[in-house]
Amino acid sequence: MIRNLKISLFVILFLGLGLSLVQAANIQEPFVRFPTSLSDYKDPVDGTLWQVLVSRVKQDKFNLFATVIFALAILHTFMNRYFNEIGNRYQEKHMQRLKKWEEEGKLRGDLIPVSFRATIFHFLGEVEAIFGFWLIPLFAGMVFVGGWGSMTNYVDSLAFVDKKYTEPMFVIVIMSIAASKPIIIFAGRI
C-alpha cells in the first residue's frame, strides 16, 4: 500500500513537472541572457574575491543558485562511493528476495535479477552522470528565473553557436548507455 502510494506520488510529481514545462513552453516571455556577461557586472575596484562574488550575487541572484548547484554537484561527486554502496545493498536484498521466491516456487524463469532502486543508486554513483544529473535543477532554475525560451536559447547557443558542451554531453550519454544493465549483461555474455 505504502509502496503504491510512493509510486503514485512520484508519477504525479513527474507528470506535474512535465505539464508545467509544457505550459512554460507555450508562454512567450522576455528573453533573459544566461549567464550575465562579465562586462555587465559592476565589480568593486580593488575588491577581494569575496567582495566581487557578493557583489555579483547582489547584481544577479541566479549566481547564488548556480553556485549552490555546482557545490552540490562537487559534493555529490565525492560521495559517489556511498551511492554505489547503497545500490549494492539494495541489489543484495533484491537477490535475497528472488532466492526466497525461487525456493517458494513464486519466481518466473524470465525475470532478470535487476532492482530498480539499486539501478537508481548505481546511476547516482556514476561519476560520469553526476554533473549531467545536476543539470536538471540548474535548468529548472533557469526556466523559473528566465522562462523556457531563455533556457533553450542558452542551451542552443552552447550547442550550435559556441559548441562548448557537445563533447562532454556526448561522453555523458555514451558512458550512461555503456553503464546500463542491458549493456553490461550483453557484454558479460560475449
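Q: How do the residues that line the largest pocket divide into nonpolar, polar and charged?
A: In this predicted model, the lining of the largest pocket divides into 29 nonpolar residues, 4 polar ones and 2 charged ones. The lining counts 35 residues, and those nearest the centre of the pocket are Ala66, Thr67, Phe70, Leu138 and Tyr154. The volume of this pocket is about 1,000 Å³.

Q: Which helices supply at least two residues each to the lining of the largest pocket, and which one gives the largest share?
A: At least two residues each come from α2, α3 (62-78), α6 (127-146), α7 (148-161) and α8 (166-178). The largest share belongs to α6, with 9 residues of the lining.

Q: What makes the span of α6 close to the expected one?
A: Helix α6 has 20 residues and reaches 29 Å from its first C-alpha to its last, which is close to the 28 Å expected at 1.5 Å a residue. Among the buried residues of α6 are Trp134, Leu138 and Met142. After α6 comes Gly147, whose phi is positive, near 95 degrees.

Q: Why is the pair of Phe83 and Phe121 called stacked?
A: A pair of aromatic rings is described by the distance of the centres and the angle of the planes. The ring centres of Phe83 and Phe121 are 6.3 Å apart, where a pair needs centres within 6.5 Å, and their planes stand at 25 degrees, where stacking needs planes under 30 degrees apart, so the pair is stacked. The structure holds 5 aromatic pairs, and Phe83, Tyr90 and Phe121 form one aromatic cluster.

Q: Why can the pair of Phe83 and Phe121 be said to tie together parts of the chain?
A: Phe83 lies in helix α4 (residues 80-104) and Phe121 lies in helix α5 (residues 116-124), so the pair ties together parts that are 38 residues apart in sequence.

Q: What makes Phe83 buried, and what makes Phe121 partly exposed?
A: Phe83 has a relative accessible area of 18%, and because buried means under 20%, Phe83 counts as buried. Phe121 stands at 21% relative accessibility, which lies between 20% and 50%, and therefore Phe121 counts as partly exposed.

Q: How do you know that Arg56 and Asp43 meet in a salt bridge?
A: The distance from N to O between the side chains of Arg56 and Asp43 is 2.6 Å, and because a salt bridge needs the nitrogen within 4 Å of the carboxyl oxygen, the pair qualifies. This pair links distant parts of the chain, with Arg56 in helix α2 (residues 49-59) and Asp43 in the loop between α1 (2-26) and α2, 13 residues apart. Arg56 is partly exposed at 22% relative accessibility, and Asp43 is partly exposed at 28%.

Q: What separates Glu85 and Arg81 along helix α4, and why is their contact called a salt bridge?
A: Glu85 and Arg81 are 4 residues apart in helix α4, which means that about one helical turn separates them. Their side chains meet at 3.9 Å, N to O, and because this is within 4 Å, the contact counts as a salt bridge. The structure holds 2 salt bridges.

Technical notes: Residues are numbered from 1 along each chain as its sequence is written. This is a predicted model: local features need pLDDT of at least 70, side-chain atom pairs count only at pLDDT 80 or more; totals for chains, interfaces and linings use all residues. Side-chain values use heavy atoms; hydrogens and water are left out. Rings of Phe, Tyr and Trp (its six-membered ring) pair if their centres lie within 6.5 Å; planes under 30 degrees apart count as stacked, over 60 as edge-to-face and the rest as tilted. Buried means under 20% relative accessible area, exposed over 50%, partly exposed in between (1.4 Å probe, protein chains only). On a 1 Å grid over the protein atoms alone, a cavity is a set of points where a 1.4 Å probe fits but cannot get out, and a pocket is an open set with protein on both sides within 12 Å along at least five of seven lines; lining residues have an atom within 4 Å of a point. Grid points are joined across faces, edges and corners, and a volume is the space filled by probe spheres set on the points. Ala, Val, Leu, Ile, Met, Phe, Trp, Tyr, Cys and Pro count as nonpolar, Asp, Glu, Lys and Arg as charged, and the others, Gly among them, as polar. The expected span of a helix is 1.5 Å times one less than its number of residues.
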